[in-house]
Amino acid sequence: MGTKYLSDSEILTVAMNIESDGYRFYNQAGKQAKHKEAREVFERLRDEEARHLSAFKEILSSLPDSGANDYFGISAEIAPYLEALAETGVFKNTDNKTLKDLDETKTLQMAVQAERDSVLLLIRM
């Protein structure tokens with residue numbers, strides 16, 4: 001098994017895309033929530049995604065020019081998993097139509113799974 005390499009800027013870009021997708025997901029879910037408590041949960045999660053995105057952008061902008069060329073080894077066993085998540089995102093199949101068809105419980109279940117996937121992705125990167 002070989003090793004695949006990602007630069008620190010590539011890793012941060014993947015992380016920022018996840019946070020941006022999460023923001024859109026939670027923003028839309030909050031708008032569609034029928035119950036105040038669910039809306040508040042989605043809004044809090046949306047705000048957390050915005051903070052994470054801001055933090056990753058700050059880290060990326062603070063990298064020295066040479067820092068963008070530092071590479072981290074990724075095990076060949078998990079590289080395909082990471083690539084699939086990076087391509088499809090952890091908030092897959094969550095367009096506005098999909099959210100409209102789901103009740104709040106199902107939307108929260110999707111959110112929990114997406115958060116688990118994003119944590120797994122970031123830990124392995």
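How many aromatic pairs does a search of the whole structure find? The search finds one aromatic pair. Phe25 and Tyr26 form this pair, at 5.2 Å centre to centre and 75° between the planes, in an edge-to-face arrangement. Rings of Phe, Tyr and Trp (its six-membered ring) pair if their centres lie within 6.5 Å; planes under 30 degrees apart count as stacked, over 60 as edge-to-face and the rest as tilted. Phe25 and Tyr26 are both buried. Buried means under 20% relative accessible area, exposed over 50%, and partly exposed in between (1.4 Å probe, protein chains only).

The model is predicted: local features need pLDDT of at least 70, side-chain atom pairs count only at pLDDT 80 or more, and totals for chains, interfaces and linings use all residues. Residues are numbered from 1 along each chain as its sequence is written, and side-chain values use heavy atoms, with hydrogens and water left out. The protein has an average pLDDT (the predictor's confidence in each residue, from 0 to 100) of 77. A score of at least 70 is reached by 66% of the residues. Confidence is highest in helix H2 (residues 36-62), at a mean of 93, and lowest in strand S2 (residues 71-75), at 56. Helices (H or I, at least four residues) and strands (E, at least two) are DSSP runs, numbered from the N terminus.

The largest nonpolar core has 10 residues: Phe25, Tyr26, Ala29, Ala33, Ala38, Phe42, Phe91, Leu99, Ala111 and Ala114. H1, H2 and H5 each contribute at least two residues to this core. H1 gives the largest share, three residues. A second, separate core has five residues, including Ala15, Met16, Leu53 and Phe56. A nonpolar core is a set of buried Ala, Val, Leu, Ile, Met, Phe, Trp, Tyr and Cys residues joined through side-chain atoms within 4.5 Å.

Contacts (heavy atoms within 4.5 Å) were listed for two residues. Not counting residues up to four places away in sequence, Tyr26 touches Phe42, Leu45, Arg46, Glu49, Phe91, Ala111 and Glu115. Thr107 lies in helix H5 (residues 104-124). Thr107 is buried because its relative accessibility is 5%. With neighbours within four places in sequence left aside, Thr107 is in contact with Phe25, Ala29, Phe42, Leu99 and Leu102.

Asp8 belongs to helix H1 (residues 8-32). Asp8 has a relative accessible area of 10% and therefore counts as buried. Asp8 and Leu63 are 55 residues apart in sequence, while their C-alpha atoms are 8.9 Å apart in space.
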